[in-house]
Amino acid sequence: MWAFLHKLGSPKEFYAITARWLTPLWLAAVALILAGGVWGLAFAPADYQQGNSFRIIYVHVPAAFLAQSIFVAMAAAGLVFMVWKIKLADMAAAMMAPLGAGMTFVALFSGAVWGVPTWGTWWQWDARLTSMLILFFLYIGVIALRGAFVSREGGARAASVLAMVGVINIPIIKFSVDWWYTLHQPASFSITEKPAMPAEMWLPLLLMVLGFYAFFIAVTLTRTRSEILRRESSKRWVRALVEEGR
Amino acid sequence: MSRADSRSTPLPEAGEPADGLAVAWRATLHRDLVLRLRRPGEVLNPLAFFALVITLFPIGISPEAPLLATIAPGLLWVAALLAALLSLDGVFRDDAEDGSLEQLLLSPQPLPVLALAKVAAHWLLTGLPLALMAPLLGVMLSLPAGSYGVLALSLALGSASLSLIGAIGAALTVGVARGGVLLSLLVLPLYIPVLIFGAGAVQSAILGGGVTAHLAILGALLAASLIFAPFAIAAALRISLNG
Amino acid sequence: MAFESLSAFLAMGGHAPYVWSAYGATAALLLVVGWHARAERRRVRRDLERRARRERRQAEAADASHDERVSR
C-alpha cells in the first residue's frame, strides 16, 4: 500500500499508472450524470409541496457537495504538498480550484433560482446560501493568491497555507452563519431539508452525487496529467513519450 | 548623553533560553510600538477612517434616529472591521522593505512568538483605540443606552481576533506588490464569524438579552486564533520571504 | 414517468424557467469544464510534439554543419 502510494507520488509513475483510469472514470461520470439527470427530470415524482421545482435538488445538492469537498481536497493536497514536498499534490490542488469555484457558483445559482418558486425572491439570506457565498469568496481568494505570486513555488505554498486556514474556518463560518440565521429568521423552511424522501426521489440524487464525484476525479486527473507534461516537458521520460506518441 | 543611554531595552544575554524568549518578545513589541508611535499619522488614520465611514451612513441612508439606532450595532462593527483591515497591510510590509523582517526570521527565537508580538503591537494601536472610540460614534448614531459597554468590550475582544487572522493574510501578501486589495479579499471571508458574534453581542444588549454567551464565543474565537494563527503567520512569512 | 406528454415535461408544471435554467447552468459548467480539460490535454501534447520536431530539426542542422566542417 505504502509502496504504491510512494510510486504515485512520482509524476512519471503517476502519469503511467493513471492512464488506465481515465476512460472508465469519464464513462462512469457521463453515464451516472445522464442516468441521474433523466431519472430526476422525467421519472421521479413531483414533490407534493414544491411541485416540479423540487427537481432542482438533483443539480443543486451534488454541486453543493462537490463545492465543499473540493475545498477540503484542496486543503488536504496543500497539507501533503507542505509536509512531504510532493509537487504532484500541488499540481492537483491548482487544477481543481477553478472547478470548485465553478461548482460553488452553480450551487449558488441553482439555489437562487430555486428560491423564486419557493420563497418568492431571487435571493434570500438563507444560512446555506450565505455559507455557499462565503465559500465562493474563499475560492476566489485562493485562486487570486496563487496568481499573484511571481514564482510558482511561492504561489503554491501560499495557496496551500490559505487553503488550510480556510478549511479550519469553514466549520466555524458554517456554525456562526447557522446561528445568525436562526436568530434573524425563525421558522422559515430550508429548501433542501426534506424529512424521509421516498426511494424514487433519493436514488436519482445518489446517482447524480456519485456522477459529480466521478466527474471531479476525471477532470482533476486529466488536468493534472496535462500539468505534469507541461512542468516536466524537459525531462527525458516526457521526450520519450512524445517520440512514442508520434 | 551617550548612545548607551538611549538603548532602553538591554540585549538578551546568551545562555538563558527561557528568559531570552521573554526579552525578545518584549523587545519586538516595544520596537513595533515605538516605530508606529513615531508616525502618529498612521495610528490616527484608521480612527479618522472609522469616523468618516460612520458619518457617511446617516448622509447616505437617513438622519432619522430610530432607523439609525436599529442599524447602529452592525454599522459600527462593519466600519471598525474595515478600519482595522485598512491598517493591516503595514504590519509586515515596512519591515519586509527595510530588511528587518529577515532578521526576525533569522533570530534563534521561535518565529510564531515574535510574530505574535508584532500582532499584539498592531492590536494595541488599532483594535484597542477603535474599541474605545466606538461608543463615541455610537452616540452619533443614537445607539440605545445600555449597550455602550458591550460595544467597546466586544470590539476589544473581537478586534484581537481580527488582528490575528488578518496578520495571516498580511504575511501571505508581503511578497506581493500592491497586495492591499488581495489582502482584503483573503481576509474578509474569514472575518465573518467574528462579525456575527460581535455585532450579535451589541444587538443582544440592546434587546435586553444576555450577552455573556456572545462574549464567551468571541473569547473562544480569540483563544482559537491565538493558538493557530501565530503558526500560520510564521509559515506564511517564511513563504513570502523565501519564495 | 411523472409527466403525461412532452409539452407537460417541458412546462414542468409551471416551473419551467427555474428548473431548466438551473439544469442549463449545471450542464453548461460540466460541458465547458470537460471540454476545457480535453482541449488543454490536446494543446499540451501538440506543443510538446512541435518542440520535439523543432529540436530534431535543429539537431539535424547542427549535425549537417558539423559534417560540412569535418569534410572540409
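## The interface of chain B and chain A

The model is a predicted one. Salt bridges between chain B and chain A also number zero.

The two chains still touch. Chain A brings 27 residues to the contact and chain B brings 19 residues. Together they bury about 2,100 Å², with 86% of that area on carbon and sulfur atoms.

## The chain B side

Three helices of chain B each give at least two residues to the side that touches chain A: helix 8 (148–173), helix 9 (180–207) and helix 10 (212–242). Helix 9 of chain B has the largest share, nine residues. Sorted by class, this side of chain B holds 15 nonpolar residues, four polar ones and no charged ones.

## Salt bridges within chain A

Over all chains, the whole structure has 16 salt bridges. One joins the side chains of Asp90(A) and Arg146(A), at 3.1 Å from N to O. This pair links distant parts of the chain. Asp90(A) lies in helix 5 (residues 87–119) of chain A, Arg146(A) in helix 6 (residues 127–148), and the two are 56 residues apart. Asp90(A) counts as buried, at 3% relative accessibility. Arg146(A) is partly exposed, at 22%.

Arg230(A) and Glu227(A) form another salt bridge, 3.0 Å from N to O. Both belong to helix 8 (residues 199–231) of chain A; they are three residues apart, so about one helical turn separates them. Arg230(A) is partly exposed at 38% relative accessibility. Glu227(A), at 7%, is buried.

## From chain A to chain C

Which residue of chain C forms a salt bridge with Arg239(A)? The partner is Glu55(C), with the closest N and O atoms 2.8 Å apart. The pair crosses between chains, from helix 9 (residues 236–245) of chain A to helix 2 (residues 16–71) of chain C. Arg239(A) is partly exposed, with a relative accessible area of 34%. Glu55(C) is also partly exposed, at 29%.

Shared partners build one network of salt bridges. Its members are Asp90(A), Arg146(A), Arg223(A), Glu227(A), Arg230(A), Arg231(A) and Glu40(C).

Technical notes. Residues are numbered from 1 along each chain as its sequence is written. Chains are lettered from A and ligands numbered from 1 in the order in which they are written. This is a predicted model: local features need pLDDT of at least 70, side-chain atom pairs count only at pLDDT 80 or more; totals for chains, interfaces and linings use all residues. Side-chain values use heavy atoms; hydrogens and water are left out. Contact means heavy atoms within 4.5 Å. Buried area is the accessible area (1.4 Å probe) that two parts lose on being put together, summed over both. A salt bridge is a side-chain nitrogen of Lys or Arg within 4 Å of a carboxyl oxygen of Asp or Glu. Helices (H or I, at least four residues) and strands (E, at least two) are DSSP runs, numbered from the N terminus. Ala, Val, Leu, Ile, Met, Phe, Trp, Tyr, Cys and Pro count as nonpolar, Asp, Glu, Lys and Arg as charged, and the others, Gly among them, as polar. Buried means under 20% relative accessible area, exposed over 50%, partly exposed in between (1.4 Å probe, protein chains only).
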